[in-house]
Amino acid sequence: GGSQSLIPMKLTKVSDGTGTLKTEQFSLVFAGPRDMRLLEGIYTITHPVAGKTKMLLQPKGRDAYNRYYTAVFNLLL
């Protein structure tokens with residue numbers, strides 16, 4: 001197995017996507033430490049209230065303080 005470590009991240013944005021009558025789309029943007037770079041991949045996200053879930057995180061740039069990652073969701077209604 002691979003090593004696991006906890007990386008603190010903050011949910012910074014929730015955006016609606018273009019849905020249809022049968023689908024709903026939205027995306028989440030997370031900010032993580034600037035000195036830690038994650039590659040695109042599936043990560044286990046842990047939240048004290050919501051629990052654990054797996055998400056595909058895609059790198060979306062950085063600024064002077066953070067690196068940003070996006071998780072896109074397509075839900076069937």
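Reader: Before the contacts are discussed, what does contact mean here?

Author: Two residues are in contact when they have heavy atoms within 4.5 Å. Among contacts in the protein chain between residues at least 6 apart in sequence, those joining residues at least 24 apart make up 46%.

Reader: On what kind of model do these values rest, and how is the chain numbered?

Author: The model is predicted, so local features need pLDDT of at least 70 and side-chain atom pairs count only at pLDDT 80 or more, while totals for chains, interfaces and linings use all residues. Side-chain values use heavy atoms, with hydrogens and water left out, and residues are numbered from 1 along each chain as its sequence is written.

Reader: What is the mean pLDDT of the protein chain, and which strand has the highest confidence?

Author: pLDDT is the predictor's confidence in each residue, from 0 to 100. The protein chain has a mean of 92, with 96% of its residues at 70 or more. Confidence is lowest in β3, at a mean of 94, and the highest value, 96, belongs to strand β4 (residues 51-62).

Reader: How many helices and strands does the protein chain contain, and in what order do the strands lie in the sheet?

Author: Helices (H or I, at least four residues) and strands (E, at least two) are DSSP runs, numbered from the N terminus. By that rule the protein chain has zero helices and five strands. Two strands pair if DSSP finds at least two bridges between them. The five strands form an open sheet with antiparallel pairing, in the order β1-β2-β5-β4-β3.

Reader: Which strands are the edge strands?

Author: An edge strand of this sheet pairs on one side only. That applies to β1 (10-16) and β3 (41-47).

Reader: How many bridges join β1 and β2, and which residue of β2 is the bridge partner of D16?

Author: Strand β2 covers residues 23-33 and pairs with β1 in the antiparallel sense over six bridges. Within β2, the bridge partner of D16 is F26.

Reader: Why does S27 count as buried, and which residues does S27 contact?

Author: S27 lies in strand β2. Buried means under 20% relative accessible area, exposed over 50%, and partly exposed in between (1.4 Å probe, protein chains only). S27 counts as buried because its relative accessibility is 15%. Leaving aside neighbours within four places in sequence, its contacts are K13, V14, S15, T70, A71 and V72.

Reader: What percentage of the residues in the protein chain is buried?

Author: The protein chain has 77 residues. The buried share of these is 19%.
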